[in-house]
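The sequence and the structure are shown first.

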Amino acid sequence: MTTELRHSDGRQIPLERQVFLLLSLLVKNGERITTQDEIITQIWHDAPISDAAIASRIRSARAAISDSGLLQYAIETIRGRGFRFKLTVTTKADVSLVAGIPANEGAAPSIAVLPFQAFGEMNQAKVFAPALAHELIVSLSLTKWLTVIARASSFQLFGLASAQHVSEQFDVSYVLSGTVEINGSNLVVSPILTAATTGEVIWAERYSGPIDEIFRIKAHVTNSVVSAVEIQVPRHQASQARRQEIDSLDAWGFFHLGLNHIYRFTKEDNALSAQYFKEALARAPNFARAHAGLSFVSFQRAFSGFGSDRAAAAQDALRAAEKAMEQSPDDPFSNFVLGRSYWILQDLDMAAHYLDQAVTLNPNYAQGHYSLGLVQALNGAVDHVDRRADLAARLSPLDPLLYGMYGMKAWVRINRCEWAEAAHWADLSARTPGAHFLIDMLAAMAHQANGNTKDGVKFAMRARDRRPDASLENFFTAFPLPQGPARNAASAALAKLGF
């Protein structure tokens with residue numbers, strides 16, 4: 001993973017991120033001595049880093065600016081104390097970083113997938129272990145937001161290499177390693193996701209099954225690991241960002257703070273999320289993911305009615321999504337938010353088109369499958385939607401939109417006017433963490449249509465407690481069910497409940 005050091009004549013010099021950070025720290029401190037302890041704190045967040053690792057980065061920093069340990073015309077070694085930057089530094093008012101390094105979004109999260117360690121019946125395990133790791137590299141690369149070290153590099157190390165060693169070798173944020181054990185007819189896979197600079201295990205799991213289902217197990221492990229990375233890495237990044245001074249965050253830091261609030265589905269969190277995405281764009285105006293994040297929060301404003309002008313919020317969602325697509329048309333997230341923008345504008349055909357592109361770009365994109373299935377269900381489809389809901393839940397069983405995946409199964413039954421089954425899935429959706437007042441209305445409507453007025457009233461009251469202005473207009477703006485028997489029954493049920 002590299003950034004760019006720009007020469008005064010415009011030439012760009014490739015530079016590893018840790019070297020860039022070290023050079024920036026030295027330039028910032030200028031004549032003040034920068035100690036090794038300060039370097040370890042600022043660059044490696046107090047991880048146990050060897051003197052040799054620091055010396056290696058100092059050599060690279062010197063080489064980048066045509067200095068050396070012999071010359072020391074720019075970076076001076078103060079023996080036993082640290083280092084000092086000797087040159088005079090000037091900054092321009094329109095440049096956010098020193099030393100001629102252009103402003104950009106900063107460092108995207110990065111990961112190295114190591115070859116899994118094989119145990120047990122070695123012939124089979126030694127074949128399966130690298131095949132699984134290779135599959136994970138390919139699948140993680142499809143996410144687009146994550147920098148994945150190529151197999152040709154990461155497979156030079158072994159699964160038991162320390163996170164610190166991997167961080168020093170590849171300058172990555174995360175390491176995915178694990179073990180594969182085959183004994184008799186049983187296969188056990190144990191992946192581990194580690195924060196590279198600290199060695200902290202942020203996720204681990206154990207999967208087992210009969211050896212004759214090896215391909216099913218490989219697919220299940222791959223889907224589960226990709227889902228865990230999609231959820232756990234942003235959470236960890238947000239946690240790291242919260243521990244830093246706000247002025248020191250780069251665009252990616254602000255993006256992950258925004259992402260951390262986006263799934264809480266409250267007006268206050270939605271506004272805070274928008275603020276963080278705007279801070280990211282202030283630092284990197286062409287940052288596609290931050291534009292996509294702004295589209296997401298504008299969608300939420302329109303979908304949940306977090307404001308008086310839904311139409312304006314829907315147009316804001318569309319404009320921000322289009323900007324994300326301009327910058328990164330092959331990012332599944334850009335296509336996802338554009339599809340959802342058309343959903344809230346009630347153009348379900350265009351919504352389905354872009355959501356289909358999102359899952360084509362990344363077949364493991366659980367939220368893409370969920371949203372595509374829901375749009376198809378709202379458009380009256382019933383075939384294959386159930387399977388898409390099951391796939392989304394299987395790909396991401398801890399997803400913050402899991403409630404919607406269950407709700408999608410309810411909509412399939414609503415289209416068929418199968419009210420008992422619709423009530424079952426709508427009830428489950430409303431009881432799943434993250435569900436909002438519109439899902440309470442869905443459960444109330446399904447129960448009422450099924451003749452269960454008691455539960456209908458209960459969920460209707462919960463919806464009004466959360467949103468006193470909950471109404472038929474709210475509901476059908478968010479869920480544009482086409483005219484027909486299902487919509488007529490839904491309208492009648494909600495009207496009986498006082499909406």
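Angles under 35 degrees count as roughly parallel, over 145 as roughly antiparallel, 65 to 115 as roughly perpendicular and the rest as oblique. The model is predicted, so that local features need pLDDT of at least 70 and side-chain atom pairs count only at pLDDT 80 or more, while totals for chains, interfaces and linings use all residues. Residues are numbered from 1 along each chain as its sequence is written, and side-chain values use heavy atoms, with hydrogens and water left out.

Helices (H or I, at least four residues) and strands (E, at least two) are DSSP runs, numbered from the N terminus. Axes are lines fitted to C-alpha atoms, for helices over the stretch in contact, and angles run from 0 to 180 degrees between N-to-C directions.

| Helix pair | Axis separation | Angle |
|---|---|---|
| H15 (residues 385-395) and H16 (residues 402-415) | within 9 Å | roughly 170° |
| H10 (residues 288-304) and H11 (residues 310-327) | 7 Å | about 160° |

H15 and H16 are therefore roughly antiparallel. Their contact (heavy atoms within 4.5 Å) includes Val385 and Ala389 of H15 and Leu402 and Met405 of H16.

H10 and H11 are likewise roughly antiparallel. Among the residues in their contact are Ala292 and Phe299 of H10 and Ala313 and Ala317 of H11.

Strands pair if DSSP finds at least two bridges between them. Strand S3 (residues 75-78) pairs with strand S4 (residues 82-85) in the antiparallel sense, over four bridges. Ile78 has Gly82 of S4 as its bridge partner. Three residues lie between the strands of this hairpin, in which Gly80 takes a positive phi near 80°.
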